Amino acid sequence: MIIRNYNRNYNYRKIALIVTPVLLLIILSAVRFSSGNTEKGSAVNLTAEERSWLTRNPHQLNLLFNIEFPPIEFSSPSGTFMGIGADVIAMIEGRLGVTFAKKPSDDWSRHLSALEEGTCAIAPTIVRTAERERFAFFTVPYATVPVVIIGKRGSQTGITLDDLAGRQVAVVSGYATEKYLYDRAQGRFRVVPLLDVPEGLRALSFGQVDAYVENLAVAAYYINKEGISNLRVVGSTDYEFAFSIGVSRKYPLLYNAIQKALDTIPEGELETIRNRWISLQVHRGLNPETISLIKLIAVFTVMLLMGLTGISYILKRMLKEKIESLRTAKQELQDQTERLCLALEATKAGIWDYDPATERIYLSEQWYTMLGYPPGPTDVPLDEWSRYIHPEDIYITTQSLKDYINSGGHSEFEAEFRMRKADTSWCWILGKGRAVAWDENQNPTRIIGLNLNIQTIKEVQEAMAFSEMRFRSLFTMAPLPLAELSEDGSLIEVNDRFKKVIGYTADEVPTLEHWWKLAYPDPDHRHLARLTWQNATKKSREGIPDMKSGEFHVTCKDGTVRTMIIGTSLIGNSILVSFFDITKHKQAEEEREKLQGQLVQSQKLEAIGVLAGGVAHDFNNMLGAIIGYAELTMSKMEAADPYRRNLGKILDAANRSAALTRQLLAFARKQTVTPIVFDLNEPVEAMLKMLRRLIGENIDLVWQPGTGSFNVKMDPSQLDQILANLCVNARDAIKDVGKITIQTDTASFNEMTCSFYADCIPGDYVKLSVSDNGSGMDKKTASHIFEPFFTTKGLGHGTGLGLSTVYGIVKQNEGFINLYTEPGTGTTFTIYIPCHADETAVKREALTDDIQYGQGETILIVEDDPILMEMGEMMLQRLGYSVLSAASPGDAIALVEERGSGIQLFLTDVVMPEMNGRELADRLLAIRPDIKHLFMSGYTADVIVHRGVLDEGVNFLQKPFSIKELAAKIRSVLEPVQTIP
């Protein structure tokens with residue numbers, strides 16, 4: 001009993017002696033962990049092999065960084081590597097005592113290829129994917145950046161994408177976040193793709209969108225850079241980017257060193273780096289201090305569990321010492337069996353064991369699985385096994401096995417054949433085996449082997465053969481001249497296009513030296529071509545695969561010189577040279593530059609036209625009141641009244657102002673017109689008398705009409721404006737005596753000829769040319785000639801609206817203008833208007849100067865402007881009409897419902913509150929279908945017109961108008977001219 005108690009106490013003391021150091025180790029480790037968080041960094045515990053590798057391979061420490069991914073990683077204006085990745089790499093360099101060779105990269109695909117090839121050892125910022133794990137190791141993430149929702153300050157916070165229903169959400173087009181956002185939208189909110197991050201932030205800041213979804217780091221960087229102070233993070237998504245350091249799998253020791261160095265960086269320092277570059281924060285979950293405390297508690301807990309596990313292990317070890325050797329042996333056997341099974345499964349190999357004497361064969365379960373069958377019988381006759389073989393391969397396969405047996409089986413058996421899979425398809429199998437037992441006559445009695453599925457290998461081989469054949473076909477039939485060279489400069493082959501375009505065969509240019517002499521007879525050009533080639537081939541030998549293209553003048557066999565872009569590509573051990581003929585392209589460059597200038601001029605005039613139209617619109621209403629009240633007042637004054645002359649001056653100034661606004665509307669293509677089809681020659685000839693009075697007797701006006709049909713569809717008054725403005729400008733360009741020539745002709749343009757004229761589309765055109773032999777213009781003046789208010793005339797001699805009016809009219813009628821001018825030789829304006837040859841031309845109606853009075857009809861006037869309403873009532877009463885007035889569409893509807901039978905016509909403005917004039921007309925005609933209607937407006941806003949052209953069957957009066965114009969228009973609506981059939 002005493003001995004037993006002594007032994008028990010001895011065992012307890014032994015356990016205590018073991019446990020006590022373990023507990024002390026736990027406490028010391030915990031204290032070291034706690035204090036380690038307050039240190040700036042700690043030494044990296046590298047192995048001797050890892051340290052030796054870093055010392056011996058400084059030339060392998062190549063790092064590529066993305067120059068356009070701020071603030072994660074980017075290049076400063078001076079080319080310095082910056083960003084979160086740069087700061088982390090700097091800390092790792094300090095801990096390892098090395099310096100990485102940092103090289104900028106603007107092509108992410110090439111960046112990844114370099115990492116795979118090993119020419120780039122380190123990618124400082126990369127997201128782990130299954131595809132990239134094939135060629136790179138990844139450290140633990142040092143920064144996880146969420147994709148967040150950005151909104152304006154003062155907006156609701158803590159929102160998700162589900163809270164954005166019915167809103168407009170911006171995202172950068174082409175980013176991975178765009179696809180994520182479309183997948184989440186499902187029609188609940190509208191995704192607005194924009195060009196880049198700054199555009200997205202500005203659109204949100206100006207209220208053009210309701211929210212913007214972006215990577216937090218990138219959003220924070222551009223908010224600070226752009227100085228947008230009214231934005232902040234208002235919500236989060238379930239999408240984020242975890243950034244790690246990627247190391248090429250060709251350098252595992254370098255990866256181990258970097259991961260160990262990264263492990264020594266305290267979380268607080270990493271957080272400082274992240275806060276430095278990411279100014280916005282997403283506050284969710286626990287704060288960093290709480291997380292650090294939880295981590296500390298977790299480490300203590302883990303260490304405590306490790307201590308308890310260690311104690312348990314020590315106690316169990318005493319009980320397992322006697323059976324450990326048996327377990328080890330058993331485990332080794334199991335490991336070997338498992339490795340064999342894994343190897344067979346990985347290679348998709350099936351085991352077979354053949355007995356030649358009984359002609360029976362053993363098949364493993366994996367053999368059946370390899371072909372997609374469920375496990376079958378393991379011991380089968382050879383004939384049963386042969387039934388799986390393709391009929392075309394049975395004989396050669398069985399014969400190969402017989403030959404192997406007859407030869408004594410002292411070598412290795414190998415055969416390739418096709419076998420039927422469970423899905424009835426065929427796959428190629430490689431059978432390999434060896435005899436392992438022989439009888440007394442040295443005949444094999446047992447052959448063991450494997451069947452390997454090599455279908456993929458066969459497909460790759462077939463694909464390679466097909467690819468080679470296709471390459472040869474493409475090379476021969478390619479539309480570009482191609483040549484294949486060896487690295488030593490020998491010509492291997494040229495394609496058919498090379499022989500046709502350049503003229504030489506492979507026998508005529510067997511080497512590059514022959515090519516230099518024939519293709520580049522000029523010594524200087526030959527030296528440049530040879531030097532370019534030598535530099536390109538040198539780079540290819542140094543491992544730089546891309547050989548840049550160059551532009552050269554090539555002398556062909558027939559003596560012609562062609563300008564060609566010669567490009568080279570390294571394909572295996574050969575160099576493929578391509579020749580792209582740009583001779584015609586070079587010849588057309590000057591013409592394209594000219595057309596580009598015309599396009600820019602056209603776009604500039606379009607922008608000016610928008611402004612001009614807006615100004616004319618507002619001014620018309622004011623002029624309408626001035627003209628109307630002036631005419632009404634003058635109609636009640638005696639002819640001798642001294643104030644009548646003053647009112648006449650006011651009316652004259654208002655009419656001149658109205659003419660200016662009509663010119664502005666014409667330039668802006670917002671003038672309301674009523675186009676008809678007419679022969680262009682007739683109104684031109686009718687205007688000749690007026691034009692001769694306009695230009696004066698000292699200038700000869702020559703009229704040269706073309707022969708044939710010159711039908712166009714436009715407002716005849718617009719043609720009057722074109723001729724008057726062009727002739728006046730031509731007159732002013734002639735100092736004393738001279739000549740102005742007006743010509744008409746036709747022209748047709750196809751796709752090719754249209755490319756020489758801005759704004760031209762294919763079709764048939766009527767051509768109107770106005771030429772003078774005046775002073776002409778230089779290029780600078782001609783570039784501004786169609787801009788409104790631009791004039792070369794002296795003060796008080798021109799408004800600068802004449803040619804801009806012509807430009808607007810031509811554009812409104814879907815035509816275009818060509819200007820030719822030279823200083824001292826004169827100017828020619830050629831106007832092209834689309835033909836309307838299939839329609840019947842009509843004659844223009846003559847206008848009367850008499851005021852047409854009413855016959856007591858009742859007219860309803862609808863006008864929301866009180867001044868214009870009062871003026872309209874007075875003018876209508878002055879013309880002899882009974883007047884009802886409505887200040888809004890609602891009042892007008894009520895009046896028609898109450899007194900509709902007594903109203904013969906309603907006169908309404910086009911643009912009004914509640915509803916526009918077109919909608920009001922529809923409502924009133926639904927009540928009184930027989931009532932006549934007349935629209936009036938200073939600007940129609942496309943309510944009753946399309947591209948400035950009045951809709952079919954619509955009666956319209958352009959503001960401002962005189963009492964005579966109002967009277968004539970009302971009578972034409974109430975008493976339309978009857979067409980005689």
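Trainee: What makes the nonpolar surface patch here, and which residues are in it?

Mentor: Keep in mind that this is a predicted model. The patch consists of L304, L305 and L308, and it covers about 290 Å². Patch members need over 30% relative accessible area, and L308 has 48%.

Trainee: Why is L308 called partly exposed?

Mentor: Buried means under 20% and exposed means over 50%. L308 sits at 48%, so it falls in between and counts as partly exposed. You'll find L308 in helix α10, which spans residues 288-320.

Trainee: And S486, why is that one called buried?

Mentor: Its relative accessible area is 17%. The cut-off for buried is under 20%, so S486 qualifies. S486 belongs to strand β19, residues 482-486.

Trainee: Which residues does S486 touch, leaving out those up to four places away in sequence?

Mentor: I492 and N573. Contact means heavy atoms within 4.5 Å, so both pairs meet that limit.

Trainee: What makes up the largest nonpolar core?

Mentor: It has 80 residues, and I92, L96 and L254 have the most contacts inside it. Helix α7, residues 216-226, gives the largest share, eight residues. Another core lies apart from it, with 36 residues including L680 and I722.

Trainee: Which residues is L96 in contact with, beyond its neighbours within four places in sequence?

Mentor: V44, L46, R51, L54, A257, I258 and A261.

Key
Residues numbered from 1 in each chain as written. Predicted model: local features only at pLDDT ≥ 70, side-chain atom pairs only at ≥ 80, totals over all residues. Heavy atoms only, no water. Helix = DSSP H or I, 4+ residues; strand = E, 2+ residues; numbered from the N terminus. Buried < 20%, exposed > 50% of the residue type's maximum accessible area, 1.4 Å probe, protein only. Patch = residues over 30% accessible without salt bridge, like charges linked within 9 Å, V, L, I, M, F, W, Y side chains within 5 Å. Areas by Shrake-Rupley, 256 points an atom, 1.4 Å probe, with all protein chains shown as cover. Salt bridge = Lys/Arg side-chain N within 4 Å of Asp/Glu carboxyl O. Core = buried A, V, L, I, M, F, W, Y, C linked by side-chain atoms within 4.5 Å.
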